[in-house]
Every structure is written in C-alpha cells, then in structure tokens.
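Let us walk through this protein one piece at a time. Keep the sequence and the 3D view side by side.

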Amino acid sequence: MRFEEARHREEAGALARPRDLADRYRRVRAFSEQLSRPLAVEDYVIQSMPDASPTKWHLAHTSWFFETFVLSAADPGYRSPHPLYGYLFNSYYEAAGERHCRPRRGLLSRPTVGEVREYRRHVDRHLLELLDRAGDGEAPEWAPIVELGLHHEQQHQELILTDIKHVFHANPMRPVYAPSAPPLTPAPRPAGERGLPGERGLPAWVSYPAALREIGHDGSGFAFDNESPRHPEYLGAFALASGPVRNREWLAFMADGGYTRPQLWLSEGWKTAGAQGWEAPLYWERKDGEWWTMTLSGMRAVDLEEPVCHVSYYEADAYAQWAGARLPTEAEWEVAAEDCPGEGNFVESGTFHPRPVTDDGSTPLSQMFGDVWEWTRSAYLPYPGYRPLAGALGEYNGKFMSGQMVLRGGSCATSRTHIRRTYRNFFPPDARWQFSGVRLAK
C-alpha cells in the first residue's frame, strides 16, 4: 500500500457514536467485497509487479489492520483465526512484527480465497460486537482507530482496482473487469506515422494574485496526520489551466518528439524513460495503425477528449516543459481548489475510467476532483511542525517523506467519501499504474 495513513480527527457529532461507526463500517467493508465480486478465483492471487499486491492480500490486509490495532488492543479475549496471519498480512509496520516479503505476495496460494473471506467475516463479527457493546454513549478510545481503518480500507479499494488493471494488462487476453460503453473512434498516431497528428491545445488560464494563504487541514473531521498542521504559505501570483491535459494534447507532445528530446526531461526521468522503453502513457498500444488503451472494461480506442492518464511525474514534468508551463505546487493546487465543489467522477460512478474533459461553466476549474490524480511539483515532505503519531501507526507517513512527489484531487477509483481538498497522495516519480494525470500551471 502506497497511500498515507495516520491521525484521526473526530468530526463533532458525526461518526462519534458507535452505532454510526458500525453503519459506516458495514458499508465500507461491503464495498470491498463488491469491488472483488467480478473477479474469478484465479484473479485474486496474481501479483504482476512488486509494487502491486494480489486482491486476496488486500482483502486480508485490511482485516489484519482492524485485528491488530483495534481488536487485539480492545478485546483481551480476541484470537486470530491463524497465528501466521499477522506475519502474512502485515504490510511494513516494523513495530507490529515480522512480515512476509512484499514482492512474494503473489506466491501465496494459501490461505485460499475462501479462507480469506472467512477471516474477514471473523474480524467483522468481533468488531461489530465490540461496537455494539459500546452502545450509544460516548465514543470509546479505540473508535478513532476504527475510523482510521475505514479510510485505510478505502485506500486499498483504489489499489484493488489499479492493481487488477495491471494484472489484466499483463494477460494477452486483456480480460474485462466490468463492461462499459463501446469503444469510440480510435485516436491517430503521432506525426510521422500513419494517421493525423494530435493538436497542441491552448489551455484557458485561471489567475490568482500573490498572497499569504493558509493550507493544511483545519482539524474538523477526519484527516491523516500529513495534512497538518495548518500553516501559512506565501504564494506568488500564479495561474492554473482550467482543465486537465487531454489525450489530444498528449498526442501532440508525442508527435513533436516528446519522448525523444532529452532537453525536455529531468536527468533521472530521461534515464528511466529510456531504460523502460516509454514512448506513450502506460497501457497505450498501437493497433492497426491507431492508438488504443487498456481499461478495466478491456481494450478501447484512446478518446481524444479524456484526461491523459497513467503517466509518471517524469512524463508530466516533461510535458509541462514542452508546453512552456510547469506543474503546480501543492499549495497552489489547494488554494485554487477552495472554490471548487468536491464533486467528480469517483469510484461510486462505476465507470472506473476518466471521463472526457468538459467545461459546464459551473466553476472556472473543471474536474479538480475525481477522474485523475494530478501531479504537483511538490516533494512529499512534512509540513512545518508536523509530528507523527507514537507507535506503529506513526510509521506510515514520516518514514516515506523522501523521494516521493505529491498528487492531489482523487481519481475515478477514489471514493467520494474519502477525498478532500487537503488530501496529500504521494508516489515515486516513476510510478505510472495509478490513475495519474496532469494539470498545468504558470
């Protein structure tokens, strides 16, 4: 798991009562089961690369979280169904004990999928009994960890989708996870190949004046610890593109030699692109002279109007250089998002794919939330005054604040009840298998 997880901040009155928390627990846990339902039993076990995990492991690990950090602490009589589950399903919490090697998770044929589902039912039964015993009084001291665990599970729900997409792309049969609309007209190849070149679109810019602004979570409602403390940052005058970069514009970048011009790239990015043979976004393929892409609905033509997706920070930065712009800082993105409604194409829509870029005039900035995570130029670092939690739960954020870049806004695989304006996602600059895209700044 690559997303952050840490401190719970209670929202006054909401989810404070154990009964409310139990209802939310049932909904979140059931959604994980719903997401895994389209899979065949053989799909649950495969690990297509070290950064991804099998679906079966995600389902078990999220149960391990509740077992380890809630049940084992709050219920002295609780016993795990198997003594090795703690070893097999710990991710990388050093303080929680030894764990199985991450790149070898796909070699675990046992426990079976059925046994993992029974493990989930076992944890659910005990956790809900614990909440039931708490009644309708004040939230017990372990209630914030339950809420944390639910947001942790929503992170893994996104990973279930991105990881199984990578698994299915590795299969020459290109399996379908969920059917969708029929393919659109194929996108042409870049100039120099058969077909027409893409178009260099000129984005509309939304300007913001120089000002001293505050960013970070204000303490109301849930947030991870890396979103705090709220603090002032001075921003020079800047502008953000009104929408994310589309496939149409990315084709123009490719047609103009974007993947073959080292002057556009960071040194490490150029080295990585060459070593890995990048010439287009992840999952793009040439088919009968046209560009197609792998989706969770199988192969389909690249839609020129959709946000470009599955590009790394290195690619995003190279594109920005080519376009004569740059990527926004995370502070710029957060300030600009203040007036944007938190609505968008999230996992609940069931499309599991970005929707075409549109401007309905309701807000100057379109699609700031949902569709694709947007790379920023900000390194993932602690805010001034940041302090991680004590103990094992404090491991998740602080020790990853090196060598990663911040993304904002959520994606078509993110839950709408999970994302917020201050949310800081982070990945290494070469990561491509998440639903990651680009919005320009200047």
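Start with strand β2, residues 205–208. Buried means under 20% relative accessible area, exposed means over 50%, and partly exposed lies in between, with a 1.4 Å probe and protein chains only. In a regular strand the side chains alternate between the two faces of the sheet. Strands here are DSSP runs (E, at least two residues), numbered from the N terminus.

A word on the model. It is a predicted one: local features need pLDDT of at least 70, side-chain atom pairs count only at pLDDT 80 or more, and totals for chains, interfaces and linings use all residues. Residues are numbered from 1 along each chain as its sequence is written, and side-chain values use heavy atoms, leaving out hydrogens and water.

Which strand does β2 pair with? Four bridges join β2 to β5 (residues 238–241), and the two run antiparallel. Two strands pair if DSSP finds at least two bridges between them. In this pair, Ser207 stands opposite Ala239 of β5.

Now move to an open sheet of four strands. Its order is β11-β10-β9-β12, with mixed pairing. At the edges stand β11 (425–427) and β12 (436–437); each has a single partner strand, so one side of each is left without a neighbour in the sheet. Strand β10 (residues 405–408) is joined to β11 by three bridges, and they run antiparallel. There, Val406 faces Phe426 of β11.

Strand β9 (residues 373–379) holds Ser378. Is Ser378 buried or exposed? Ser378 is buried, because its relative accessible area is 14%. Leaving aside residues up to four places away in sequence, Ser378 touches Thr329, Glu330, Met405 and Val406. Touching means contact, with heavy atoms within 4.5 Å. A polar atom of the Ser378 side chain lies 2.9 Å from the backbone nitrogen of Glu330.

The whole structure has three cavities of 30 Å³ or more. A cavity is a set of points on a 1 Å grid, over the protein atoms alone, where a 1.4 Å probe fits but cannot get out. The largest cavity has a volume of about 80 Å³, the space filled by probe spheres set on the points. Its lining includes Asn247, Trp284, Glu306 and His353; lining residues have an atom within 4 Å of a point.

Definitions and conventions:
On a 1 Å grid over the protein atoms alone, a cavity is a set of points where a 1.4 Å probe fits but cannot get out, and a pocket is an open set with protein on both sides within 12 Å along at least five of seven lines; lining residues have an atom within 4 Å of a point. A polar contact is a pair of N or O atoms within 3.5 Å; within protein, one must be able to donate a hydrogen and the other to accept it, and residues adjacent in sequence count only if both atoms are side-chain atoms.
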